[in-house]
Amino acid sequence: MNIAAIDIGTNSIHMIIVKVQSRTHFDILMQEKSMVKLGVGVFANKELSKEAMDLGVATVQRYVQLADQYGVDDIIVSATSATREAKNGREFLDRLIHEAGISPQLISGKEEAKLIFLAVREAIALKKEKILVIDIGGGSTEAVIGDQNQIFYGNSMKLGVLRLLDYIGDQTKMDDKAQEELKAHIKQAASSVLAKINQTGFDRVIGTSGTIRALAEACLVKADNPAPEIVNAETVQLKSLVKLRDRLLDASPKERGEIPGISSNRADAIHLGALLLVEILTQVNASALTISDASLRDGMIINHIEKHGLQIEEISQGKNLKEKSCLRLAIKYDTDLTEKKHVLGIALQLFDQLKHLHGADNYERELVSYASLIYDIGLFVAFQDYHKHSRYLINNSQLRGFTNDEVLLLGHLARYHRKKGPNKNHKKYRKLEKYQKKRLNLLAGILRIAIGLDKTKNQWVQNIYCQENENQLLIKVFGEENMDLEIWEAQRYSNTLGKYLKKEIVLMVG
């Protein structure tokens, strides 16, 4: 099973695509990063700019297309501080839903800290030690303390490189007075979190994120490291970071971008990241920093696997993207898959045995099998009118792999799996094209009988056998238990298929 995680950060938007091998292991297939700088100006005026939103949406759209090329089964999307704090953050998320076809989740600073820690714990070999993980982003800095087994403390500080850039107002060199004022601001904003860190205690500090890795690479290049781009588990001394901080603070944006290890994309605010990192390390009395290449998106993947491990194994059994999408939706809304697969089997028996009568092909056969997996997900909302709730959820769940026409049909199949069948008095039914109505009438007719034959949800019906004459279709039902209730229910719902085939349908024990 392939999963993509998209991290919509304040400074950059990242995507990682992995192949899940088991509940405890995944392989990275590819990674992408775009320095969108979504949060530029947002902490000063509390709004995402139209230009940033347009670029952010276009970037995510490109990522989704790339994920599709890799046959991704699920895309997890998280947005962080810039989107959290912008007045128009919801507008941006709505655009992602409608224009990129994904369902982004706005995560809190504490949740962000937890996910980052999960990633670091998998990337760094921990001994019997308590670690402090620091992640400096564009809008916030996460700090979390934990060991191999548990998290002791985690929180988020409203301190990030773009937030600090908004605070000082420009990218130019900072004189001593401006530096002291910024340090005082950092101490005040971080005081409660840093006090808790010192109270909790730790054995080692680990840093992650693009800002910290860029600073570490610059220090390692200066130390003639033969492979400075490989920074996982490397250690950087505080004194080296102090020297780099001073050099960055004394440089112009152009000069910062020319320092080995520092990219021009980070030149506008990297000096503020250095000042922030040194200040935090100083306040917690740390003399060195271990670097990790773990990230929030890695944590998103790990958390997803931990929460849905068994479900992922279930989904991975799907034969294609469409089936996996339906399995994922069924699991999301707590559907009994054993029951649904039994209904699916009966529906396909009916479809195959009646093919000479209805003339439909494998396309319709697959559609009724997908509908069999998700027809009652509306029960998650409420029992009353759950068939209508099911249609709503299907229509609004961004089922991957399906066309809009197919999603529409699946929604209607859920709507008409019980109660009255397709009816011209229903407004939404009347809006369908003639070919859509024909397809819906057939497949709803088959689905209604298949569901009826599992009325008690005991999976007692094992096989069916169809016999026909000029005016009648006899469906013989085989099983080892008393199936009277199943036969009664299926008979009650047989009118839709009977009308389509122009035959009276009679069900009986075989």
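1. In this predicted model, the helix α12 gives the lining of the largest pocket its largest share, namely 8 residues. Helices (H or I, at least four residues) and strands (E, at least two) are DSSP runs, numbered from the N terminus. A pocket is an open set of points on a 1 Å grid over the protein atoms alone, where a 1.4 Å probe fits, with protein on both sides within 12 Å along at least five of seven lines, and lining residues have an atom within 4 Å of a point.

2. The lining of this largest pocket holds 50 residues, and D74, I75, S103, K332 and S397 are those nearest its centre. By type, the lining divides into 23 nonpolar, 19 polar (Gly counted here) and 8 charged residues (Asp, Glu, Lys and Arg).

3. Elsewhere, 6 strands make an open sheet with mixed pairing, in the order β8-β7-β6-β9-β11-β10, where two strands pair if DSSP finds at least two bridges between them. Because β8 (151–157) and β10 (235–237) stand at the edges with a single partner strand each, one side of each has no neighbour in the sheet.

4. Within that sheet, β6 (residues 131–136) and β9 (residues 204–208) run parallel and are joined by 5 bridges, and L132 stands opposite V205 in β9.

5. Residues are numbered from 1 along each chain as its sequence is written. Local features need pLDDT of at least 70 and side-chain atom pairs count only at pLDDT 80 or more, while totals for chains, interfaces and linings use all residues, and side-chain values use heavy atoms, with hydrogens and water left out.
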